[in-house]
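Okay, everyone, thanks for coming. Let me put the model up, and then we'll walk through it together.

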Amino acid sequence: MYPVSSAFKAAVNAPQRYFKGVAKIYLDGEDHPPLILTDNEISSFTVLEDMASNSQLPLSFIGANELTISIKNEGGEFSPHNEDGPHFGKLVPEVLIEVFLYLEIAPDSFEEIPMGRYWTGEWKAPYSSLTTTVTCYDMLYKIKQLPIPQLPIFFRKRVRDVLKALFHALGLVENVDYVLQASLLQPVSLGWLDGQRVYDALEEITVAGACVIGVDKQGKIFVRSIYTFVENDMPLTGHEQVIAPETELNYLKAFTTAEVLFKIPSIRTNVTEVLSVSSLTIRPGLNEFTGLVFNTTPVAAVTNIAVTGGRGITIEEASTGTRFLNVQIRSTHTQTQEVRLEAYGHLFARADTNVAFPAKATDKMLIIDNSLIQDRQVALEYKAVLQNFLDTPTTQILTEIRGNPAIELFDVISYENPYDYLPQKDILPIRFYYTYDGALSCQMQAITKESLVIHDWVYMSPGLYARALRGGI
């Protein structure tokens with residue numbers, strides 16, 4: 001929860017409340033004072049705070065927040081093609097925008113809630129409209145689209161080390177750009193990151209580390225464990241916050257059982273050709289080639305690199321990850337040459353794991369096969385919470401609320417909807433969609449806490465077993 005005063009907690013649930021919106025736009029660069037817009041210039045804005053899961057990996061929650069802001073433009077000052085406008089040449093992509101909500105907690109006294117840091121996309125100012133609209137994206141959204149950077153093999157590490165190495169390679173600084181709120185101590189005896197984009201790597205890490213990755217109100221990436229809950233003392237009740245009755249969402253009821261595999265990898269002893277480029281153009285002087293993708297991935301080690309078919313050619317420097325090769329080649333020859341590049345090395349091997357298929361033909365199994373899950377106890381713990389998620393009758397809800405911007409994603413909050421005569425339940429929000437146009441409204445999607453709490457089968461007496469709540473991991 002974003003820290004707020006007791007006066008804020010009372011005012012946000014009051015029958016009548018007064019919000020003001022503010023946007024700071026860094027048109028001259030992030031090191032210069034921003035242009036500050038208030039309700040006099042802002043027509044409306046929406047903020048999407050989202051960490052909805054992949055339907056095939058139901059406990060992999062990765063955030064991506066988005067801002068869409070409409071700015072009054074009667075005089076054309078925010079038209080990006082208006083050469084006479086005061087901001088001509090500055091209404092371009094990748095401009096930082098910070099948005100804030102201010103809630104009146106006493107007459108003429110307001111308390112601030114930041115609603116995130118975003119970077120602009122395309123500015124749109126159609127002639128038929130009196131507003132300019134721009135959609136903006138947060139830092140995590142941007143880095144998820146990037147290719148996975150070159151990373152080393154992880155030997156006798158923890159999932160924590162893997163995540164920190166990825167963030168470091170992306171230029172992120174701990175406690176400045178991101179905060180680890182989860183221990184992530186799952187062992188990785190010999191590991192690597194699969195996939196093409198950073199999103200693929202984060203998805204693998206969230207499963208192996210049983211964690212969620214999102215962005216907080218101040219634009220900082222946070223990592224939390226799904227085994228550890230952060231309690232929030234700001235409940236959502238029907239009389240104060242809930243507008244529309246809830247809708248139950250059960251996306252994964254096609255699956256009835258789960259299996260989580262664990263495989264301890266090794267390095268093959270035989271040497272294999274891992275890269276072959278039949279026609280590589282080499283010009284006189286130094287030639288640098290980056291991102292030469294291996295024929296087969298992942299590669300554990302490259303033992304030999306050879307260039308054939310040219311004269312006066314030497315390899316000056318080479319670096320490898322598990323997916324590609326970077327190499328610098330110098331030619332002392334005076335003419336451009338076509339050469340062949342080959343690389344040889346060792347591949348990884350993963351032990352086969354037998355899957356215990358369901359006994360009933362009507363069962364449909366969800367199989368989690370993650371290269372970073374390499375410990376039996378880790379697999380059993382993840383399987384336990386995943387099976388509980390599949391067995392819980394109601395895992396997710398969607399409801400319209402008035403909106404409390406101090407509540408953050410994956411906070412545990414008390415929810416009660418008297419309109420449907422439903423009892424109180426603890427939920428964890430995974431999506432907020434705020435709309436501000438002088439007033440604030442919100443749609444919320446959340447998962448129930450009971451769907452994440454691990455239950456185990458406990459022996460009661462001969463032939464009698466019962467599922468009991470686990471005391472914690």
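So, how much space lies in the second largest pocket? About 240 Å³. What you're looking at is a predicted model, where local features need pLDDT of at least 70 and side-chain atom pairs count only at pLDDT 80 or more, while totals for chains, interfaces and linings use all residues. Residues are numbered from 1 along each chain as its sequence is written, and side-chain values use heavy atoms, with hydrogens and water left out.

Back to that pocket. By pocket I mean an open set of points on a 1 Å grid over the protein atoms alone, with protein on both sides within 12 Å along at least five of seven lines; a cavity is a set where a 1.4 Å probe fits but cannot get out, and lining residues have an atom within 4 Å of a point. Points are joined across faces, edges and corners, and the volume is the space filled by probe spheres set on them.

The second largest pocket has 14 lining residues, and Ser79, Pro80, His81, Trp123 and Ala125 lie nearest its centre. By class, that lining is eight nonpolar, four polar and two charged. Here Ala, Val, Leu, Ile, Met, Phe, Trp, Tyr, Cys and Pro are nonpolar, Asp, Glu, Lys and Arg are charged, and the others, Gly among them, are polar.

Zooming out, the protein chain has five helices and 32 strands, taken as DSSP runs numbered from the N terminus (H or I, at least four residues, for helices; E, at least two, for strands). Its C-alpha atoms fill a box of roughly 85 × 80 × 35 Å along the principal axes. Of the 473 residues, 49% are buried, meaning under 20% relative accessible area with a 1.4 Å probe, protein chains only.

Last stop, some strands. Which strand does β6 (residues 66-72) pair with over six bridges? That's β3 (residues 42-50), in the antiparallel sense, and pairing here takes at least two DSSP bridges between the strands. In that pair, leucine 48 has glutamate 66 as its bridge partner in β6. β6 also pairs with β9 (residues 131-137), again antiparallel, over seven bridges, and serine 70 stands opposite threonine 133 in β9.

Technical notes
Buried < 20%, exposed > 50% of the residue type's maximum accessible area, 1.4 Å probe, protein only.
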